[in-house]
Each structure stands twice: as C-alpha cells, then as structure tokens.
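Got a minute for a quick tour of pockets and helix packing? Have a look at the model first.

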Amino acid sequence: MTHDDMQDIRKAGWELPREVLDTLGDYQREFLMAQLTGTRTPGYYAARLAALGLAGLGRVVDAACGTGQWTVALAGLNGQAEGVDIDAGRLLVARELAGAMGAANCAFRHGRLEALPFADASVDGLFCRGAFMFSDTARTLAEFRRVLRPGGRAYLDANGPGWTAHMFWTRGLRARDWNQAASAVMTTLRTALGRPARIFLTAGRLRALARANGLTVLGCGPEGSLSCPPGRRDSVPPIYPERMFGLPAVHELLLRKDGP
C-alpha cells in the first residue's frame with residue numbers, strides 16, 4: 001500500500017490502519033480501494049441508506065458486510081449496527097475500519113445469509129449488498145423474514161443477465177480470463193436449470209421470491225433507482241449502469257415484513 005493510497009482513503013473521509021492494508025492481497029486491496037476512495041465517502045453511503053429508510057432505527061444488520069463500509073454508515077444512522085459475513089479476512093478489515101472510524105455501536109459476527117446469528121423478530125432493518133445471488137435465495141429471504149420485526153424493512157441487490165454478459169465478454173473473453181468466462185457460463189446454466197444459488201435474477205423472479213417468502217415488495221428497479229436520493233444523482237450516483245449489453249445489469253429490491 002503506497003502513501004498515495006492512504007492519502008486517497010483519508011481524502012474520502014475514511015480512516016484505516018496502514019498495517020491492515022498491508023496484509024491484503026492485490027485483489028482485496030483493489031476492491032477495498034474502490035470502496036473507500038473517490039466519491040465513496042461515508043456521506044455517500046449514508047445518503048443511500050437514508051433514501052432506503054434505513055435510518056433512525058434501533059438495531060440494523062448488514063448481511064454479507066464484507067469490509068464493513070456500509071456497516072459503519074449504518075452505525076452512524078441507527079442505534080446499533082451489526083455486520084455478518086462468512087469471510088474472516090474481510091471481517092478483520094471491517095472491525096479495524098469501524099474502530100478507526102470511532103463507530104462504537106458497531107459489532108461483527110461470522111455467519112451465513114441462510115443462517116443469520118440473530119433471534120426471531122429481533123432486527124428493525126436489514127441491508128444486503130453484493131451477495132444475495134450467491135446464496136440459496138429462497139432460504140435467505142425466509143431468514144430475512146425470520147429475523148425482522150413486524151414492520152421492519154430489508155434491502156438487497158442482485159446481479160441480472162446484463163452483469164453476467166459483462167462477466168463473460170468484458171471480464172472474460174476480451175480480457176482472456178477464462179475463469180471469469182467459465183464462471184459466467186456456469187451462472188447462466190444454473191439459472192436456466194432453476195438452481196437456487198450462484199445465479200442471476202430478473203426483476204420478476206425477485207418479486208416472486210420475496211412474495212413467496214412472506215415479504216411485501218416496496219420497490220424494485222435498477223441499482224440506484226431506489227437508493228440514490230432524487231436530485232442528488234450527480235453527487236450520489238449509482239455504482240452500476242442500468243443496462244449492459246442491452247440487458248438489465250443489477251437490480252435492487254426494498255422489502256417490508258408485514259404481520260408476525
């Protein structure tokens with residue numbers, strides 16, 4: 001990690017011990033830099049969460065929290081924020097980030113989306129980004145409903161067919177990365193065969209899954225259509241384009257638990 005990298009992180013308003021960054025491999029380092037530099041300031045994440053109604057709540061969960069930048073933002077908007085992830089390395093980074101940012105109301109746990117480490121009806125809000133489509137989607141939605149209190153809301157995003165096409169061509173064949181291309185082919189096959197995990201989803205399929213698992217759909221659209229505040233898309237832009245190769249790229253879904 002270079003001095004310039006640390007400057008870029010701090011310029012965006014983040015703090016993270018240099019020694020944590022120095023332990024990361026190239027891919028993890030590039031990923032983290034993308035999350036903590038440029039327009040990806042703490043305020044950027046907070047604005048998107050507030051637009052979803054994930055502010056002013058008691059206990060909120062960042063399911064599949066990764067390196068914790070969304071969890072830290074949730075902590076600044078709510079009474080208590082808890083991050084859950086299956087990757088111990090990313091949880092280590094998340095804890096260090098929360099500590100360096102002074103987010104004392106942040107905690108992190110190891111766990112899976114299909115088996116969240118929380119009691120029934122114990123969570124006011126739930127946020128899940130970048131992981132839902134890799135899990136058993138029906139079991140994950142049932143788990144979201146289980147842990148949410150009545151009236152609690154959940155947000156998730158999911159890759160669509162356009163992102164899979166992008167992985168196959170742009171990141172795969174054109175870049176001569178045969179593993180990426182093969183992964184996109186397997187994702188397409190698993191989707192066509194009706195498998196529950198490691199798939200892409202359509203907006204219609206997302207809505208149907210949510211309703212089948214007892215959740216009310218409050219909104220569904222391209223990434224950023226629900227979570228980027230109206231009138232602020234220049235300063236709080238979506239992360240992904242609406243379409244790739246003419247197909248929906250990434251969807252987002254806002255849900256509510258109605259009833260017990």
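Predicted model: local features only at pLDDT ≥ 70, side-chain atom pairs only at ≥ 80, totals over all residues.

Residues are numbered from 1 along each chain as its sequence is written, and side-chain values use heavy atoms, with hydrogens and water left out.

**Largest pocket**

- The largest pocket holds about 1500 Å³ of space (a pocket is an open set of points on a 1 Å grid over the protein atoms alone, where a 1.4 Å probe fits, with protein on both sides within 12 Å along at least five of seven lines; lining residues have an atom within 4 Å of a point).
- Its lining runs to 45 residues, and Tyr-27, Phe-31, Arg-90, Gly-130 and Phe-134 sit closest to the centre.
- H3 (26-36) gives the lining its largest share, five residues, and H5, S2 (80-85), S5 (148-159), H8 (161-173) and H9 (178-192) are also among the elements that supply at least two each (helices are DSSP runs of H or I, at least four residues, and strands are E runs, at least two, numbered from the N terminus).
- By class, the lining splits into 21 nonpolar, twelve polar and twelve charged residues (Ala, Val, Leu, Ile, Met, Phe, Trp, Tyr, Cys and Pro count as nonpolar, Asp, Glu, Lys and Arg as charged, and the others, Gly among them, as polar).

**Second largest pocket**

- Here the space comes to about 150 Å³.
- Residues lining this pocket include Thr-137, Ala-138, Arg-195, Phe-200 and Leu-209, and H7 (137-147) and H10 (203-212) each supply at least two.

**H4 against H5**

- H4 (residues 42-51) packs on H5 (residues 69-77) at about 65°, with the axes 9 Å apart (axes are lines fitted to C-alpha atoms over the stretch in contact, and angles run from 0 to 180 degrees between N-to-C directions).
- That makes H4 roughly perpendicular to H5 (65 to 115 degrees counts as roughly perpendicular, over 145 as roughly antiparallel).
- Nine nonpolar, one polar and one charged residues make up this contact.

**H8 against H9**

- The axes of H8 and H9 come within 7 Å and cross at roughly 160°.
- So H8 is roughly antiparallel to H9.
- Among the residues that meet are Met-167 and Phe-168 in H8 and Ala-181 and Val-185 in H9 (contact means heavy atoms within 4.5 Å).

Terms used
Parallel < 35°, antiparallel > 145°, perpendicular 65-115°, else oblique. Points joined across faces, edges and corners; volume = space filled by probe spheres on them.
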